[in-house]
Amino acid sequence: MRIARVLGAAALLLGLAAAPAAADSSPSPSADGGAPTQAGTSFRTATEIEQGQRATASGSAGDYLYWSFPADTGQRPTVKATVKLPDTHAAQTWQVDVYDGLRRRQACQYGAQTRTAAPGTSSVELACVLRTVRAWAEPWANDPLPGTYYVRLTVTGVPTSDLGLPVGAEVRVDSKDMGGAAAVDGSLAQPLVPGVAMKTDDEAALFDLDPDDGWSSGWWSDRWVWTAAGAVLAALAGIGGYALTRGSGRPRQVPPGM
Amino acid sequence: MIISKRFAAGAGALLAALAAGLALPAGAAAGEPTGEDAPKVDLVLDVSGSMRTRDIDGGSRMAAAKRAFNEVLDATPDEVRLGIRTLGADYPGDDKKRGCQDTARLYPVGPLDRTEAKAAVATLAPTGWTPIGPALLAAADDLDGGTGSRRIVLISDGEDTCAPLDPCEVAREIAAKGIGLTIDTLGLVPNAKMRQQLSCIAEATGGTYTSVEHADELTDRVSQLVDRAAEPVVTPVATEGADTCAKAPELTSGLFTDRAEFGQQRWYRVQVPPGKELRASVSVSADRAVAPSYGVLLRAVTGHGREIVRGEAAGDGRTDVVSTGLRYPEAEAGDEDEETAEAVCLQVTHSFAARAGVKTTPGLPLELTVDVVDGPSDADDVASFGLGRGWWLLGVLVLVGFLAGLVWGWVSRWRVAVWRTN
């Protein structure tokens, strides 16, 4: 699938001699080497960030700031956001929300998703630990699936006097590899990336980032190791059990010469 | 559409090249946007009498605005079509009717001649009223045409002085008329009423509101907004949902916008071939004052009215949008003859309630993404390939192996004994 896509992209590139560097057009943050320094203002314009990247943005109290990042099977992403508040301000309540590629709100297992900054505090720190991303879920389930995740950072409680005050935001997504404990059967044919069906290489896309080593095919998990090790141990135990019934050496009752 | 793709690619390439510090050869005009699809920005500057007040870093508000404009004009990306409009620049008198029509195009939206634009800004002197509503209407006309993103940046130091025309409603109507138009507002040394009004205008169009107390903040924010306009984004396609499944418009993969009035159902239809998966997500924006509790429901329904799957979301408190989504993998056709696609109806309802005194038309902006992709492989076990893991598994395997070994050993001993007695 990937090879086909790459070949397709190459063919397209050759054909698009008139539009040079079309393939470099993705608004990928890595294109300019640095982390993004601004945020989007809606799902459609969300700024794409990689996991492990520290994205910053300046905004105003009252803005809705959006970022998006890719998360793959077996990862448990943690979204951390820090808001730097101006010197003088009233009490403000900030909140970070995470949505999946279908714009469904995702629950946070742990972490202070909402926090109120007392007047005069210089920053608020928010965190959200998502559930482990599964390779597959039933269509009726709301389980996190591999694909795009959106982060929305906003102030939910703010007095009018504080509206529009300059604030700085910082977002970072890291994830923990949960290994085979979360490995399930089945997989999605395509990750849950919005606009994946209409994606072409030379167009502004709703989401354009892949995980560092591509989307996982989903067949590998450490369950193979566990099961194989179990089989070997079972075989050894079988031999052990067998040997126990035979005693050591030649049975005494057997006459010589047999 | 192809032109817009090329443009977006070109714009991105241009940005990438600039960021990398490469000198862009003059001949590299492939990414040059055509007038049709270039992002357009109209800066609307309040030149009312109050701009004379000297309270921004010791200088007058007007001086701060001029300085900011000069710097922004220097930094404007080449592909952006930038225009400047003034309000309250010409009529100094007391006649409200005349004062409230006082808005003028200072520099037309188009390819930017920096020197000319700066010269035009230099001529401005604080004069008249603050007709925000009419200025917004005129700015929307300035930006008319083309399929690129459009942005109005309103810089004002006072609330609208031209009631009863509510600029907030004007903004909402402008947004309802066109697609992809955003109004960002900046308040210079604002008071409470002004904050409310300007943030209402911004929220009506999905824009942002910023309070400005220092000249630097103004420059930074305006350049940030202009840069934001230059970023390539996917432009949604307007559609109009029907109130029943039978009359619903047919959608294919893409990004769509519509309006959903309070208490109104919106139906769309998507053809899903066997073995494919339908993914749909919807978000409804709160572009006006709404009651604090709200929700949205997206249902996938068969042609016979049976619900297949639904996505629902509810929320509480301040929000810009409430969104949900669903996926529906259509089963593989068992029979070769039945390779026909199934028409799945999508129903969208939202439970926003308008606050008292807020106009309920036009409806709330609704954004719908539809993707028809390859279906997933079915899972027939909870665990991956039915494999196991963990110490219990190892324990059980070892125990069973051991017991099997014992039994095997005993059986073979017994067989040896039987053979010997024979």
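This is a predicted model: local features need pLDDT of at least 70, side-chain atom pairs count only at pLDDT 80 or more; totals for chains, interfaces and linings use all residues.
Good morning. I begin with one strand of chain B: Lys40(B), Asp42(B), Val44(B) and Asp46(B) point one way from β1(B), while Val41(B), Leu43(B) and Leu45(B) point the other way, and all are buried. In a regular strand, side chains alternate between the two faces of the sheet.

How many residues of β1(B) are buried? Strand β1, residues 40-46 of chain B, is mostly covered, with seven of its seven residues buried. On one hand, β1(B) is joined by six bridges to strand β4, residues 150-156 of chain B, and the two run parallel. Within that pairing, Leu43(B) has Val153(B) of β4(B) as its bridge partner. On the other hand, β1(B) pairs with strand β2, residues 81-87 of chain B, over seven bridges and again in the parallel sense. There the bridge partner of Val41(B) is Leu82(B) in β2(B).

Helix α5 of chain B, residues 132-142, has nine of its 11 residues buried, so it is largely enclosed by the rest of the structure. The buried residues of α5(B) include Ile132(B), Gly133(B), Pro134(B), Ala135(B) and Leu136(B). Further along α5(B), Ala138(B), Ala139(B), Ala140(B) and Asp142(B) are also among the buried residues.

I turn next to an open sheet in chain B. Its five strands are arranged in the order β8-β10-β15-β12-β13, with mixed pairing. Which strands stand at the edges? They are β8 (250-251) and β13 (307-316) of chain B; each has a single partner strand, so one side of each is left without a neighbour in the sheet. For β8(B), the partner is strand β10, residues 266-272 of chain B, to which two bridges join it in a parallel arrangement. Across this pairing, Glu250(B) stands opposite Arg269(B) of β10(B).

Let me now describe chain B as a whole. Chain B contains nine helices and 16 strands. Its radius of gyration is 31 Å, well over the 22 Å that the globule rule gives for 422 residues, so chain B is more spread out than a compact globule. The C-alpha trace of chain B spans about 130 × 55 × 45 Å along its principal axes. Of the 422 residues in chain B, 53% count as buried. Among the contacts in chain B with a separation of 6 or more, 75% come from residues 24 or more positions apart. Chain B exposes about 18,600 Å², and carbon and sulfur atoms supply 54% of that area. As for charge, chain B has 42 positive and 59 negative charges, whose mean positions are 3 Å apart.

Buried residues make up 50% of the 258 residues in chain A. Of the contacts in chain A with a separation of 6 or more, residues 24 or more positions apart account for 72%. The accessible surface of chain A is about 11,300 Å², with 57% belonging to carbon and sulfur atoms.

Some backbone details deserve attention. Most residues other than glycine have a negative phi, and most peptide bonds are trans. Arg103(A) has a positive phi, near 60 degrees, and is found in the loop between β5 (92-100) and β6 (105-106) of chain A. Is Arg103(A) buried or exposed? Arg103(A) is buried, with a relative accessible area of 1%. Val189(B) has a phi near 40 degrees, also a positive value. Val189(B) lies in the loop between β5 (181-188) and α7 (192-204) of chain B, and at 25% relative accessibility it counts as partly exposed. The peptide bond from Thr361(B) to Pro362(B) is cis, with omega near -10 degrees. Pro362(B) is found in the loop between β15 (342-350) and β16 (364-374) of chain B.

Tyr110(A) counts as partly exposed, at 49% relative accessibility. Beyond residues up to four places away in sequence, Tyr110(A) touches Arg76(A), Ala127(A), Cys128(A) and Val129(A). Tyr99(A) is 11 residues from Tyr110(A) along the chain, and their C-alpha atoms are separated by 16 Å. Thank you.

Terms used
Residues are numbered from 1 along each chain as its sequence is written. Chains are lettered from A and ligands numbered from 1 in the order in which they are written. Side-chain values use heavy atoms; hydrogens and water are left out. Buried means under 20% relative accessible area, exposed over 50%, partly exposed in between (1.4 Å probe, protein chains only). Helices (H or I, at least four residues) and strands (E, at least two) are DSSP runs, numbered from the N terminus. Two strands pair if DSSP finds at least two bridges between them. The radius of gyration is taken over C-alpha atoms; the globule rule is 2.2 Å times the number of residues to the power 0.38. Contact means heavy atoms within 4.5 Å. Accessible areas come from the Shrake-Rupley method with a 1.4 Å probe; for residues, only the protein chains shown count as cover. Lys and Arg count as positive and Asp and Glu as negative; His and the chain ends are not counted. The place of a charge is taken as NZ of Lys, CZ of Arg, CG of Asp or CD of Glu.
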